[in-house]
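Subject: Structure for you to look at

Hello,

Here is the structure I promised to pass on.

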Amino acid sequence: MMHKQNNETILYSYWRSSCSWRVRIALNFKEVSYEIRPIDIVKGNGEQHSDEFSQINPMKKVPALHIDNLTLIESMNILEYLEETRPNPRLMPTDPVKRARAREICEVIVSGIQPLQNVSLLKHIEDKRKREWPKYWITRGFTAVEKLLSSSAGKYCVGDEITLADCCLVPQIYNARRFNVNLEPFPTILKVDHHLENHPKYKSGDHCRKLPTVTAVARSEFSLKFRYKSPPIN
Ligand SMILES: N[C@@H](CCC(=O)N[C@@H](CS)C(=O)NCC(=O)O)C(=O)O
């Protein structure tokens, strides 16, 4: 892991981390160039526990973002900072009710689903329950998200504008598929996913749908440079 230079934007990220993916979506959406420093949270004891990375994120989790001479942790905090400092194109509606709707969807995913299926938590679940556990919590959370979307969604989570809620939803759908959650009971979630999947700015941040290439690249020891105009991974 190389140390940051002050003027660079660096995302400490793991290719399969849904929390890192939220941030990649927002950076790409806002066309912020950044470099990825891969942190392998699975290999060995996990690089997130190294002394060096603990200095960057004392919670020992990805993502962390170095930007504007600051190092920020917690994906929602990072998303909000990006929105406040780089409001165009915006990722939050101007209408307060729609903003509240977007935030509640974020909160259900960020606090109510992801932490219950995170790598470090699953390590503490007995083997025979390891598959059922994430399935149960994602299904339960998605039941709530589906209900919320049934009144808020247009093409995207809240109306026809992409918001922070969409940044959170897409990676969580990836995890749902990964843990074999049956998505049939969630038609609105699938409809929104379909629209997002076809959005060019989403595609460019979407490292997980191209697994073979990404696995090879993200696990390499080299830093990756991402510039929106020239997508890095094909
Ligand atoms: N609340 C944090 C959660 C971060 C998080 O759980 N990151 C996961 C990957 S998505 C991680 O680093 N897991 C490794 C570990 O917990 O040891 C955020 O939103 O940034």
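**Around the ligand**

Helix 1 (18-29), helix 3 (75-85) and helix 5 (119-122) each give at least two residues to the shell around the ligand. Helices (H or I, at least four residues) and strands (E, at least two) are DSSP runs, numbered from the N terminus. This is a predicted model: local features need pLDDT of at least 70, side-chain atom pairs count only at pLDDT 80 or more, and totals for chains, interfaces and linings use all residues. Residues are numbered from 1 along each chain as its sequence is written.

There are 16 residues around the ligand, and S17, C19, K61, S75 and S120 come nearest. A residue counts as near if its C-beta atom, placed from the backbone, lies within 6 Å of the molecule. By class, the shell has 7 nonpolar, 7 polar and 2 charged residues. Here Ala, Val, Leu, Ile, Met, Phe, Trp, Tyr, Cys and Pro are nonpolar, Asp, Glu, Lys and Arg are charged, and the others, Gly among them, are polar.

**Helix 3**

Which residues of helix 3 are buried? They are S75, I78, L79 and L82 (buried: 20 or more other C-beta atoms within 10 Å of the residue's own; exposed: 12 or fewer; partly exposed: in between; C-beta atoms placed from the backbone). Seen down the axis of helix 3, these buried residues fall within an arc of 100°, so they line one face. The arc is taken over the directions from the helix axis to the C-beta atoms. The face turned away carries the exposed residues N77, E84 and T85. The buried residues pack against helix 1, strand 3 (64-67), strand 4 (70-73) and helix 7 (164-178). Contact means C-beta atoms, placed from the backbone, within 7 Å.

**Helices 6 and 8**

The axes of helix 6 (residues 132-152) and helix 8 (residues 187-197) come within 8 Å and cross at roughly 75°. The two helices are therefore roughly perpendicular (65 to 115 degrees). On helix 6, F142, V145, E146, L149 and S150 meet T188, I189 and V192 of helix 8. That contact divides into 5 nonpolar, 2 polar and 1 charged residues.

E146 counts as partly exposed because it has 17 C-beta neighbours inside 10 Å. Leaving aside neighbours within four places in sequence, E146 contacts F186, T188 and I189.

**Whole chain**

The protein chain has 10 helices and 5 strands. Of its 234 residues, 39% count as buried.

Best wishes

Terms used. Axes fitted to C-alpha atoms, helices over the stretch in contact; angles between N-to-C directions. Parallel < 35°, antiparallel > 145°, perpendicular 65-115°, else oblique. Contact = placed C-beta atoms within 7 Å.
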